[in-house]
Structures are given as C-alpha cells and as structure tokens.
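Student: I have a model open and want to learn how to read it. Can we go through it feature by feature?

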Amino acid sequence: MKKRYWRLTSVTLVITGVALVLFFVWPQQKNGAELIFLNVGQGDAILIKTPYEQTILIDGGPDALVLKGLGRYLPWSDRDLSAILLTHPHDDHLFGLIRVAERYFSEQVFTGFRTATSAPYQAWLERVATTTPLKTGQRLIFGPDCYLEVLSDGCLAGNDNDGSLVTKFVYDNFSVLLPGDLGLKGENILLAASSSILNADILKIGHHGSAESSSETWLRAVSPDLTVISVGIDNRYGHPSLRTLNRLDRLGLSYKRTDREGDIRVWSDGQSFVVK
Ligand SMILES: [Zn+2]
C-alpha cells in the first residue's frame, strides 16, 4: 500500500508541479514536538511547536479568545508565528485569525483550494502579508524528520467543510491527522485516494464531532491512539453528536474534549506521546 501511496503522490506532485515546500532553516537543538488544541469555544485553533522551534497555527477559532490561548504558550514578547494555515473560510476557523493577524506577524500564511469573497475573509486578507494556496502532496518541511503534509487541498470537494485543508503533522514516528471540518464525502474522497496515508497516532475529530463526519471506515483507517474534539460548551449545533461519540466508544477510541478539559496539550519525542 505504501508503494501505491508514493505512486499516487508522485502523480499529484507532477500535476501540481511543486514537489516540496522547503522554507525553514532549522537549528540543531531538539526539544520534542508539542501540539496544543486551544480551547477557543466552538471552533478550531491548533498551535504546533516543532522540535526545531517553529510555531505553526492552524485556524483561529471564532473570536479573540485565541489570543489568550497563544499568550499562554508563547513568550509575551514573541510576535512572530512561523506559519499560519486556514483550513477553510468558515467563521469558527477564520474570525480568530483576523485578530491574530492584528497581533502576530507571519510571512507564511497558507490556505487550501477554498477561499471566500465574504467581508471577514477580505478583512483577514487585508491584514496578512500574502496567502499561498497549498496543494495536495506538498510538504512544509520543519526539520530533517519533521513536516506537515497536505493530504487534501479540498479541490475535489463539493462544499467548504469537505473542502477543508487536510494535513498530517509528522515528527519521526509520531503523527497527528488534522482534517478541519471534513465531512463524510470528504473522508470518502481521501479514503478512495489512499487510505494507507491516513494512519496517525492522534486524530482531531472532524467538524467538532458532527454526526456527518467521522465514519467508521474513516476512524478505522486512521486508527488513532487518541482523538481530540474541539468544541464549545453547550453549542447550538449539538456538537459533538451522540452518534459520533457512540461510534468512538464502539471502536474503543478514547477522546478528549476542549469544552470539558480546556486546552489539550500533547508532547512527543518523536516515538511516543504524552498528554500533559
Ligand atoms: Zn468548524
């Protein structure tokens, strides 16, 4: 299956014409990798601190709460982020990034295929230096054994959720799958392309635990040791869905929820991981 994946990836790379995004010079010191699923209410905001001292923010949650979250984990004087990614242009992922752009600077701001003409999206564009659309198969390289791979840029999907930028963070033998708000259709597109690349130690549950996400086939393909649900207390969508939670229980998959536990911090030495 691995060979098939690489063949598929090669084809993708030829199509996109970009083999690799190599944009960081990394220091030698390694401190392990840390991922923090920030408690931003009903939305997503994930801070990654790489072993090579880069800081990556994926989505910004629905409001300014993300700034408090970043303040808890970044030095007060640090106003730079190595990279910012927006998975898709919905309020609960985008709005916080507008506030982030007012406080933090990043030369590397990425989106997937999906953009928007909405006023908030335009407000965000006005505040960031430039945005670069990532393509399926591209990798952001952080170090010799650490990268973020784009598993889907969303160009094949029918709506914004299924069009989420899906990435996999890898540090040596440790990996985390971050599917944004991917729904069942988006999951099926990825499963059909190559289910072997989906396997990961940790899975952020898609679309805040919606019933229209996290199929059994998807969960089996990822086969995570831990899942994380980023969700707001008493949200009006009823997330996470009882059906999704039952599915997780049935498959014996443990989960942590930001609405109950606050920020969820995971640290890895590249082999195993611990929840702090
Ligand atoms: Zn969302």
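Student: How many helices and strands does the chain have?

Tutor: Helices (H or I, at least four residues) and strands (E, at least two) are DSSP runs, numbered from the N terminus. The chain has eight helices and 15 strands. This is a predicted model: local features need pLDDT of at least 70, side-chain atom pairs count only at pLDDT 80 or more, and totals for chains, interfaces and linings use all residues. Residues are numbered from 1 along each chain as its sequence is written.

Student: What share of the residues counts as buried?

Tutor: A residue is buried if 20 or more other C-beta atoms lie within 10 Å of its own, exposed if 12 or fewer, and partly exposed in between; C-beta atoms are placed from the backbone. Of the 276 residues here, 50% are buried.

Student: And what share of the contacts joins residues at least 24 apart?

Tutor: Two residues are in contact if their C-beta atoms, placed from the backbone, lie within 7 Å. Take the contacts between residues at least 6 apart in sequence: 66% join residues at least 24 apart.

Student: Now the sheets. In what order do the eight strands of the open sheet run?

Tutor: Two strands pair if DSSP finds at least two bridges between them. The order is β6-β5-β4-β3-β2-β1-β14-β15, with mixed pairing. β6 (132–133) and β15 are the edge strands, each pairing on one side only.

Student: Is β1 enclosed or open?

Tutor: Four of the five residues of β1 are buried, so β1 is largely enclosed by the rest of the structure. Look at its partners next. Five bridges join β1 (residues 33–37) to β14, and the two run antiparallel. A33 stands opposite S268 in β14. I36 stands opposite R265 in β14. Four bridges link β1 to β2 (residues 46–49), again antiparallel. There, I36 has L47 as its bridge partner.

Student: Which residues of β14 lie on the covered face, and which on the uncovered one?

Tutor: In a regular strand the side chains alternate between the two faces of the sheet. In β14 (residues 264–268), the covered face holds I264, V266 and S268. R265 and W267 make up the uncovered face.

Student: How does β14 join β15?

Tutor: Through three bridges, with the strands antiparallel; β15 covers residues 273–275. V266 stands opposite V275. The two strands form a hairpin with four residues between them, and G270 takes a positive phi near 95 degrees.

Student: Which strands in this sheet run parallel?

Tutor: β4 (residues 83–85) and β5 do, joined by two bridges.

Student: Where is S106, and is it buried or exposed?

Tutor: S106 sits in the loop between α3 and β5 (109–111). S106 counts as buried, with 20 C-beta neighbours inside 10 Å. Set aside neighbours within four places in sequence, and S106 contacts D80, L81, S82, A83 and I84.

Student: What about the sheet of seven strands?

Tutor: This open sheet runs β7-β8-β9-β10-β11-β12-β13, with mixed pairing. Its edge strands are β7 (139–143) and β13 (255–257), each pairing on one side only. The twist averages 20 degrees from one strand to the next. At one end, three bridges join β12 (residues 226–229) to β13, and these strands run parallel. T227 stands opposite Y255 in β13.

Student: Where is S213, and what does it touch?

Tutor: S213 is in the loop between β11 (202–204) and α6 (216–222). S213 is buried, with 25 other C-beta atoms within 10 Å. Not counting residues up to four places away in sequence, S213 touches L182, G183, L184, G206 and H207. S213 and L184 are 29 residues apart in sequence, yet 4.9 Å apart in space, C-alpha to C-alpha.

Student: Last, the helices. At what angle do α3 and α4 pack?

Tutor: Axes are lines fitted to C-alpha atoms, for helices over the stretch in contact, and angles run from 0 to 180 degrees between N-to-C directions. α3 (residues 91–103) and α4 (residues 119–127) pack at about 30 degrees, with axes 9 Å apart. Angles under 35 degrees count as roughly parallel, over 145 as roughly antiparallel, 65 to 115 as roughly perpendicular and the rest as oblique. The two helices are therefore roughly parallel.

Student: Which residues of α3 and α4 meet?

Tutor: D91, L94, F95, L97, I98, A101 and E102 in α3 meet P120, Y121, A123, W124 and R127 in α4.
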